[in-house]
Amino acid sequence: MSTSMKAIVQKSFGGPEVLELAEVERPVPLATEVLVRVKAVGTNPVEPFIRGAHFPLLGEPPFILGWDVSGVVEDLEPGVTRFEVGDEVYGMPFFPRAANAYAEYVAAPSRHFARKPAGLDHVQSAALPLAGLTAWQSLVDTADVRPGQRVLVHAAGGGVGHLAVQIAKARGAYVIGTASATKADFVRALGADEVVDYRKVDFTEAVRDVDVALDTVGGDTARRSIEVLRPGGLLVTIVGRRDVELAERTRAAGRRFAGIAVEPDQVGLEALTELVEAGRLRVHVDQTFPLEEAAKAHQVLESGSTQGKIVLTV
């Protein structure tokens, strides 16, 4: 068996053109790890920022981007009891450390994966882990959203947003989403009770008495979200977790603050799988590209108009 594989390697910071197809050494699983033959890789908005040196998560190049994986277990170390060779799995290994997922194979701890939802193909499954876990850890683990609560989801048509809307609805919440007019019907179809066109309407004038606001945008949107929270309401941000001024402003207004950084979570993955298999969570894939066209996928990601997710096929 060959010891090499194809991967998208980045040797310098820059635009999408720095993403190059190359032959690299295939990873070898360590104790507790599985080797996954990758079928599809989900892309996320953070990856162009890392590529362009705007978010130094992985240090200096060379490195291989990517975290969202769906594939088949090809090998495993003795002692791994959760899976067998041939099992279909998905996950988000190692985040925020490098998982090297823009590649034909990934080796990672078995507990960073779960069995792929039976009702999803590999493309759909690869679109779910990072965005889905971000929404789950924000709304369930942190906010503990409950029936009857009012939840505001910003950028409700995006990767995290479109899953957050469905998760909040599955928890029994009344969901308000902000989205452009072109995505309004899509967001309503996900189950949103109200959709606010943020380009035409100031959401602070249209929304009131929110129990939980999920900020996926940051900046002024995050700050103004404080105004729509009820006393004691919670602002959860996936963008400004280190924003001390935002945290202080939220608490000074008598509201609560939580900054989220997503982490590998087999329990969360299994919960997402349950929602998928119950017909309460669907993943929208906007476009797919073959692995070797990762640069094109990044161009689409950076356009800011993506509805749902962009996936690479391997």
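Guide: A residue counts as buried under 20% relative accessible area, as exposed over 50%, and as partly exposed in between, with a 1.4 Å probe and protein chains only. This is a predicted model, in which local features need pLDDT of at least 70, side-chain atom pairs count only at pLDDT 80 or more, and totals for chains, interfaces and linings use all residues.

Visitor: Does Phe13 count as buried, partly exposed or exposed?

Guide: Phe13 lies in the loop between strand E1 (4-10) and strand E2 (19-25). Helices (H or I, at least four residues) and strands (E, at least two) are DSSP runs, numbered from the N terminus. Its relative accessibility is 29%, so Phe13 counts as partly exposed.

Visitor: Which residues does Phe13 touch, not counting those up to four places away in sequence?

Guide: Contact means heavy atoms within 4.5 Å. By that rule, and with residues up to four places away in sequence not counted, Phe13 touches Val18, Ile50, Arg51, Gly52, Ala53, Gly59, Glu60, Pro61 and Phe63.

Visitor: At what angle do the axes of helix H3 and helix H9 cross?

Guide: Two packed helices are described by the angle between their axes and the distance between the axes. Axes are lines fitted to C-alpha atoms, for helices over the stretch in contact, and angles run from 0 to 180 degrees between N-to-C directions. The axes of H3 (residues 129-142) and H9 (residues 266-277) come within 10 Å, and their crossing angle is roughly 95°.

Visitor: Is H3 roughly parallel or roughly perpendicular to H9?

Guide: Angles under 35 degrees count as roughly parallel, over 145 as roughly antiparallel, 65 to 115 as roughly perpendicular, and the rest as oblique. The axes cross at roughly 95°. The relation of H3 to H9 is therefore roughly perpendicular.

Visitor: Where in the chain is Thr134, and is it buried or exposed?

Guide: Thr134 belongs to helix H3. Leaving aside neighbours within four places in sequence, Thr134 is in contact with Val160, Ile238 and Val262. With a relative accessibility of 5%, Thr134 counts as buried.

Visitor: Which kind of aromatic pair do Trp67 and Phe95 form?

Guide: Rings of Phe, Tyr and Trp (its six-membered ring) pair if their centres lie within 6.5 Å; planes under 30 degrees apart count as stacked, over 60 as edge-to-face and the rest as tilted. Trp67 is in the loop between helix H1 (46-51) and strand E4 (68-76), and Phe95 is in the loop between strand E5 (88-91) and strand E6 (105-109), 28 residues apart. Trp67 is buried at 0% relative accessibility, and Phe95 is buried at 13%. The ring centres are 4.9 Å apart and the planes are at 80°, so the pair is edge-to-face.

Visitor: How far from the ring centre of Tyr105 is Arg26?

Guide: A charge sits over a ring if NZ of Lys or CZ of Arg is within 6 Å of the ring centre and within 35 degrees of the ring normal. Arg37 lies over the face of Tyr105, at 5.4 Å from the ring centre. Arg26 also lies over the face of Tyr105, and its distance from the ring centre is 3.9 Å.

Visitor: What is the phi of Ala53?

Guide: Ala53 is found in the loop between H1 and E4. Ala53 is partly exposed, with a relative accessible area of 42%. Although Ala53 is not a glycine, its phi is positive, at about 70°.

Note on methods
Residues are numbered from 1 along each chain as its sequence is written. Side-chain values use heavy atoms; hydrogens and water are left out.
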